[in-house]
Each structure stands twice: as structure tokens, then as C-alpha cells.
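Please look at the structure below before reading on.

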Amino acid sequence: MNVRSAGMEHAAVLCGALTWHGPEVAWHAAALAQAARHFRETAHVVRHPESQHVGVAFGGMVASGGGYDLLGILPPLYPEWLGDRSFCASHGVRFPYVVGEMARGIATARMVVEAGRAGLLGFFGAAGLPPDEVQAAVEHIAAELGQRGWGVNLIHSPGFAMLEEAVVDVLLHHGVTLVCASAFLGLTPAVVRYACKGLAVGPDGSITRQNHLVAKISRPEVARHFMAPPPQNILRDLVSRGQLTEQEAQLGAHVPLASDVTVEGDSGGHTDNQVLGAAFPIIAALRDRLVAQHGHPIRLGAGGGLGTPQAVASAFALGAAYVVTGSVNQGAVESGVAPIARAMLAKADVGDVAMSPSADMFEMGVKVQVLKKGTMFASRAGQLYDIYVRYPSLEAIPQDIRQRLETQVFRKPLNEVWDETRAFFETRAPREAERALKDPKHRMALTFRWYLGQSSRWPMIGDESRALDYQLWCGPAMAAFNNWVAGSFLEAPEHRTVAQIGYNLMEGAAQVTRAHQLRSYGVPMPQAAFSFAPRPLR
């Protein structure tokens with residue numbers, strides 16, 4: 001039996017041998033490609049009774065005799081409906097689309113506001129910023145958007161537990177009810193405190209949340225921490241400190257820490273370079289097992305590598321409740337990097353990214369993904385880590401290597417760099433400064449981190465003299481995006497707004513989804529139906 005023919009016969013039976021009558025049917029490639037673009041209209045899948053060709057029709061009339069065989073009816077499809085509708089309802093947004101946080105305020109308050117006005121969910125990039133700057137951003141965003149439809153990032157900061165706590169203090173004080181936790185390897189008291197603060201029992205007896213946590217993860221062992229209730233020892237400790245009430249701790253022992261979990265594929269910045277299509281089903285299966293145990297739903301989103309409509313559509317096809325974009329937004333006009341840096345990102349192509357040591361986890365050997373084209377940061381940062389591993393102290397570095405570092409990388413004597421670094425840590429993390437005075441190896445690490453920290457600041461202030469040292473967190477999605485928008489209005493960096501980027505990715509994903517739906521009904525959809533050209537959208 002011909003499987004394709006059997007499927008079509010089954011479709012005809014399901015439609016009760018109904019027929020379609022109308023003036024025009026799309027049979028050929030160009031017309032079928034155009035049909036996929038009309039995804040907001042009801043589509044009729046029809047078959048010619050003589051030639052057996054399958055096509056697509058709009059409008060017309062359904063009857064029980066004559067005309068073309070009716071194989072199926074596809075209702076209107078909207079970009080807003082590609083994900084889980086509960087995600088949009090919970091967070092007060094129009095689209096199941098997240099403008100991801102980018103550290104050091106690269107995801108600016110302005111970007112979050114513009115995303116919110118466009119119906120997208122934006123997260124402010126608080127990582128690496130002092131609490132007073134986070135507070136200023138929160139106040140500005142709240143004044144523009146109110147308390148819903150936006151959030152703030154909380155990044156794990158090894159060695160800087162006080163900074164995590166201070167940021168959570170700001171978020172709780174200002175009533176920020178949505179936080180994205182990223183780069184966590186395990187749970188800390190700060191993230192547990194935020195998630196459990198305000199837990200209460202509703203009128204129907206269910207546990208209600210005041211604060212919602214979105215956890216960004218890429219590995220099952222980390223995902224498990226956020227998909228289950230927090231450990232009792234952390235809850236007890238928070239109660240003893242007076243940071244949670246007894247009731248909040250008791251309720252916290254029965255609900256998962258996060259209500260949304262983002263599975264992150266190969267992304268810019270902190271990444272495990274995971275393949276989203278492989279990681280998502282594994283995390284989804286883990287989610288299902290844990291939800292079966294505690295009974296509280298958890299939505300899964302997808303991020304990392306999403307720079308084209310096809311990639312976004314594939315994420316939704318995996319079962320993602322929402323999608324998260326990152327690298328592509330760094331090139332938006334609202335981002336915190338200077339025009340010179342955005343122009344560099346707009347030229348990124350396949351193979352133009354590299355892994356380099358992370359500033360915040362340098363001594364642990366953790367790496368981040370950055371732009372390689374047009375900058376020497378990745379290679380220079382890698383050399384610093386190699387030197388750190390090889391030598392016990394700054395004084396042990398051979399003179400020729402030290403001279404090269406001082407002239408080419410730091411552009412000042414290492415002793416001067418250490419003086420600046422010490423002053424910084426004495427203000428931000430006094431224990432780190434004290435440890436460095438006793439431990440020469442740690443002093444070398446903090447000194448080298450000066451370069452890693454400054455290299456992400458230079459592209460933000462547009463220091464052209466340091467362009468070769470720009471650290472621009474960037475994943476492969478940037479290259480995919482640049483190739484997709486080539487020749488369109490979005491090719492020029494000055495036209496890349498966070499709203500137009502989001503609208504076009506979602507609009508295109510809806511078209512790709514419709515093309516796939518039609519193909520699954522037996523319509524011979526041409527490849528052109530799966531291609532969406534960017535255009536100004538509202």
C-alpha cells in the first residue's frame with residue numbers, strides 16, 4: 001500500500017467526503033509558497049478529483065458534493081500562539097518570546113522597555129553591575145512599564161555571595177516579581193530566598209507565588225535543582241537569618257524553585273555549547289518525571305542558536321513554551337554596546353566565534369563564547385590563562401613574557417594594574433583583596449581579570465583604541481541572523497531594533513510552521529515556502 005495515498009484517503013474519510021468549491025486553488029510552487037504566507041487565514045487542503053494533485057485554497061464554500069475533495073482545514077495561525085499561551089498570560093506579554101539578559105547592562109533598561117512596549121518579555125542584564133546601578137535600572141523600567149512584562153537577571157557570582165544577596169535585596173525591595181537565574185551550578189541562599197519570598201496559600205488551598213523564577217540551564221544535573229523544591233538546610237538557614245518566615249519555608253518545601261526553565265543550546269557568553277535538539281528532549285523528560293512527583297507544572301523554553309525563523313520554529317516544534325534570543329539583540333540599537341561594536345557583530349559569519357576564559361570564573365577554567373572576527377581578545381585571554389596555569393605568581397613570569405603583556409595586552413605595568421585591581425576589590429569584595437595579599441597565585445588571577453573585565457567595558461564605551469581587545473559575547477546565532485537579513489532592511493545595524501528583530505523572527509516562524517503543517521497534510525510545499533524575507537512590521 002502507498003503510505004502517502006493511504007494518508008490522503010484517511011483525511012478524506014475524516015472530512016466526511018466533503019468538497020470545496022471556490023474560484024482559485026494554489027497548485028504550483030509559486031502559488032503554494034504564497035499560500036504559506038497567508039497563515040492568518042483559514043486554509044483548505046484540497047485534491048483534484050481527476051489528477052489527484054493536492055493544493056491549497058482560501059475562502060470558497062464547503063459542501064458535500066462536486067468541486068474538489070476536501071482533505072483538511074487549517075484554522076488561522078498567529079505568531080502569538082506558537083508557544084504556551086499560559087506563558088504570555090502569566091507574564092503579561094503578547095508573544096512567547098524573551099529578549100534575553102546580556103551582562104553588564106548590555107541588555108539595557110531601554111531595551112527592556114522597548115521590548116515590553118512591543119509585547120515581548122525583556123530581562124535587564126544586571127550581571128556584573130553594582131546594586132545601585134541595578135536599582136536605577138529597575139526604577140526606570142518600572143516607571144515605564146509598571147510591574148509586569150519584564151524581569152531582571154540574577155547571575156551566579158562565585159566568591160561574591162554578598163553581591164548576589166545585595167541584588168536580591170534590591171529586587172525584593174522594589175517588588176520585581178520576575179527574575180532569570182543564569183550561570184548557576186547549584187543553588188545559593190540568595191536565589192532560594194528570592195523564589196520563596198511571598199509564598200502563600202490561596203483561597204482554593206493552592207500555593208501561590210509572589211515571585212517567579214526563570215532558570216536558564218543546559219545540563220540535567222543543574223536543571224534538577226530548579227525543577228524541585230529547594231533543600232531543607234537552605235530553607236532552615238534562611239529562616240534562622242530572618243530572611244524567610246516559617247510559613248514561606250514550609251511552603252517552599254513543596255513547590256519547585258522555578259516555574260519556567262530555559263534549555264540553553266550553543267549561545268554567546270556562558271555556554272556548554274549544547275545542541276538544542278539533543279538537550280531539550282532530555283531536560284523535558286526530566287521535567288516530566290519531577291512534575292509527576294511534586295505535581296506543579298513547569299514550562300520549558302528554548303534558547304541558544306536562535307537567529308532565524310527556521311531555528312525559532314524548530315524550537316517551538318521541540319515543544320518549547322517560549323523562545324529566548326540573546327546574541328542577535330546585542331546588535332540592536334537599544335543594546336549597551338557602542339555603534340563600532342554593533343558594526344563588528346553585524347559582520348560576523350559562520351566560524352567567527354571562539355571560546356575564551358571567563359572573567360567571573362577565571363580560576364575555575366570556565367569559558368565563554370565571544371566574537372573572534374576583528375578582535376584579538378580570545379587569543380590574548382587564552383594566553384593569560386595559560387600563563388596563570390604555568391606560573392605561581394606575577395613575579396615568576398619570565399621577563400620577556402611580562403614585557404609583552406605590559407606592552408601589548410595591558411598597556412601598562414603589571415604593578416599598576418594590580419594597584420587598580422586591589423582598589424576595586426577592596427570596595428566590591430574586600431575578602432578577595434585580603435586573600436590576594438596572602439596568596440600570590442590569587443593575586444595573579446585578579447590582575448589578569450582586570451583585562452577580562454575591561455575588555456567587556458571598552459566596546460560599551462566605544463573605545464576605538466581598544467577595538468582589538470573587545471570582548472563581545474556572541475554565539476552562532478549572530479552569523480545565522482546576519483546571513484538571513486542580508487539584502488533586507490535589517491542588514492544595516494542602525495535599523496536593527498529589538499522589536500523588529502523579534503517581530504520578524506516570530507512572523508517568519510509562523511510562516512515556516514504553516515508551511516510544515518501544509519506539507520504534513522500532503523501538500524507538495526516548495527522550499528521557498530520555508531523562507532521568510534524580513535520586512536518592517538508593526
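A cavity is a set of points, on a 1 Å grid over the protein atoms alone, where a 1.4 Å probe fits but cannot get out; its lining residues have an atom within 4 Å of a point. The model is predicted: local features need pLDDT of at least 70, side-chain atom pairs count only at pLDDT 80 or more, and totals for chains, interfaces and linings use all residues. Residues are numbered from 1 along each chain as its sequence is written, and side-chain values use heavy atoms, without hydrogens and water.

The search of the whole structure finds 2 cavities of 30 Å³ or more.

| Cavity | Volume | Lining residues, among them |
|---|---|---|
| Largest | About 80 Å³ | Ala 126, Asn 153, Leu 154 and Glu 164 |

Val 191 is in turn one of the residues with the most contacts inside the largest nonpolar core, which has 162 residues. Such a core is a set of buried (under 20% relative accessible area) Ala, Val, Leu, Ile, Met, Phe, Trp, Tyr and Cys residues joined through side-chain atoms within 4.5 Å.

Is Asn 329 buried or exposed? Asn 329 is buried, with a relative accessible area of 0%.

How values were computed: Buried means under 20% relative accessible area, exposed over 50%, partly exposed in between (1.4 Å probe, protein chains only). On a 1 Å grid over the protein atoms alone, a cavity is a set of points where a 1.4 Å probe fits but cannot get out, and a pocket is an open set with protein on both sides within 12 Å along at least five of seven lines; lining residues have an atom within 4 Å of a point. Grid points are joined across faces, edges and corners, and a volume is the space filled by probe spheres set on the points.
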